[in-house]
Amino acid sequence: MNKQVVVITGCSSGIGYLTALTFARNGWATYATMRNVQSTGGIKLLEITQKEGIDLNILALDVTNQQSVKAAVSMVLTRCHKIDVLVNNAGFGYKAPIEQLTIENFNEQYETNVFGALRTIQAVLPSMKASKSGKIINISSILGLISVPLFGVYSSSKHALESITEVLSYELDKYNIRLSIVEPGTFETEFGKNVKGRAHKTEENKSVHNSMARLMRLKINRPKNAQIVADKIYGIAINPNPNLHYLVGTDAIILNLLYRLTSHKFRKFIFRLIK
Ligand SMILES: NC(=O)c1ccc[n+]([C@@H]2O[C@H](COP(=O)([O-])OP(=O)(O)OC[C@H]3O[C@@H](n4cnc5c(N)ncnc54)[C@H](OP(=O)(O)O)[C@@H]3O)[C@@H](O)[C@H]2O)c1
């Protein structure tokens, strides 16, 4: 098997869906994994695969379930004998004040965004180490680099993923395994629809919700076409010497810069001002 092999999580919609198509259309043996293979996205991918004759394979994989991760990775290894690239894309976000979230809510967020990625990484590492090659591309967020009200649990999960990715990049260097982390700004996907925690919007925190809504309406934060993120991920996969960090979107680049250039006291002043 000479084709390059990629495994991507969370392909039923959004960035994962577009990334799977991008790899497959570029001739990769693509394993587009998702929790529900009968999802609208799964069915659409199947139709495109049949129409275009691309090597896109849909596999069931729930990143919160160890058995499911192991079974999917074993299946790919049995068929292809290698995995060149793993893209950890599956994720969702809570939008609620930290004070109102339970430990169970935190667990649920971390199970997908942090432990989910760890499970797939641990499943592919033995084969990547044996072949002394491989790339792992984790999808974080601009909120993995900056912290804002209401996105505390989501942001902290992505900060954890940032740290894990950097540490692994040092630990796996001797095996020639490259790690990269992608930090998108706001893109058009199902992410907003899938946000959890709406029930936590109360009279007490209404003003924070309103000020964050005002910030999100700023021109810079308008959602962009998620194909830009898919193309960036593909670019990292074919780059022989990729960087660790990739901010995607002018919003992500500007927000990151502003965050680094301002003090905490100044940022607190701004949040008070827009209330
Ligand atoms: N869109 C943005 O503006 C943005 C910005 C920064 C970062 N991101 C990150 O980009 C990644 C992709 O999100 P998206 O924007 O494309 O949103 P999306 O359209 O909601 O896609 C998220 C994908 O993750 C999957 N998923 C959730 N929990 C899963 C689990 N336990 N096991 C397997 N798959 C699971 C979803 O599957 P189901 O259909 O089964 O729920 C869906 O396929 C996420 O990690 C997100 O944090 C997005």
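Visitor: Which residues come nearest to the ligand?
Guide: In this predicted model, Gly10, Gly14, Ala90, Gly91 and Thr189 come nearest, out of 30 residues around the ligand. Two elements give two or more residues to that shell, namely helix 1 (14-25) and helix 7 (191-194).

Visitor: Which element gives the largest share of the shell?
Guide: Helix 1 does, with 3 residues.

Visitor: And how does the shell divide by class?
Guide: The shell around the ligand holds 17 polar, 10 nonpolar and 3 charged residues.

Visitor: What does Val6 touch?
Guide: Leaving aside residues up to four places away in sequence, Val6 touches Phe23, Trp28, Thr30, Tyr31, Asp84, Val85, Val87 and Ala237.

Visitor: Let us step back. How many helices and strands are there in the protein chain?
Guide: The protein chain has 11 helices and 9 strands. Its C-alpha trace spans about 60 × 40 × 35 Å along the principal axes.

Visitor: What is the radius of gyration, against that of a compact globule?
Guide: The protein chain has 19 Å, which agrees with the value near 19 Å for a compact globule because that value is the one set for 275 residues. Of these 275 residues, 40% count as buried.

Visitor: What share of the contacts joins residues 24 or more positions apart?
Guide: Such pairs account for 77% of the contacts in the protein chain with a separation of 6 or more.

Visitor: Why is strand 5 described as largely enclosed?
Guide: Strand 5 (residues 134-139) has 6 of its 6 residues buried, so the rest of the structure largely encloses it.

Visitor: Which residues lie on each side of strand 5?
Guide: Gly134, Ile136 and Asn138 are on one side, with Lys135, Ile137 and Ile139 on the other, and all are buried, so that both faces are covered. In a regular strand the side chains alternate between the two faces of the sheet.

Visitor: Which strand pairs with strand 5 over 4 bridges, and which over 6 bridges?
Guide: Strand 4 (residues 85-88) pairs with strand 5 in the parallel sense over 4 bridges, and Leu86 has Ile136 as its bridge partner there. Strand 6 (residues 177-184) pairs with strand 5, also in the parallel sense, over 6 bridges. In strand 6, Ser180 stands opposite Ile137.

How values were computed. Residues numbered from 1 in each chain as written. Predicted model: local features only at pLDDT ≥ 70, side-chain atom pairs only at ≥ 80, totals over all residues. Near = placed C-beta within 6 Å. Nonpolar A, V, L, I, M, F, W, Y, C, P; charged D, E, K, R; others polar. Contact = placed C-beta atoms within 7 Å. Rg over C-alpha atoms; globule rule 2.2 N^0.38 Å. Buried ≥ 20, exposed ≤ 12 C-beta atoms within 10 Å, placed from the backbone. Pairing = 2+ DSSP bridges.
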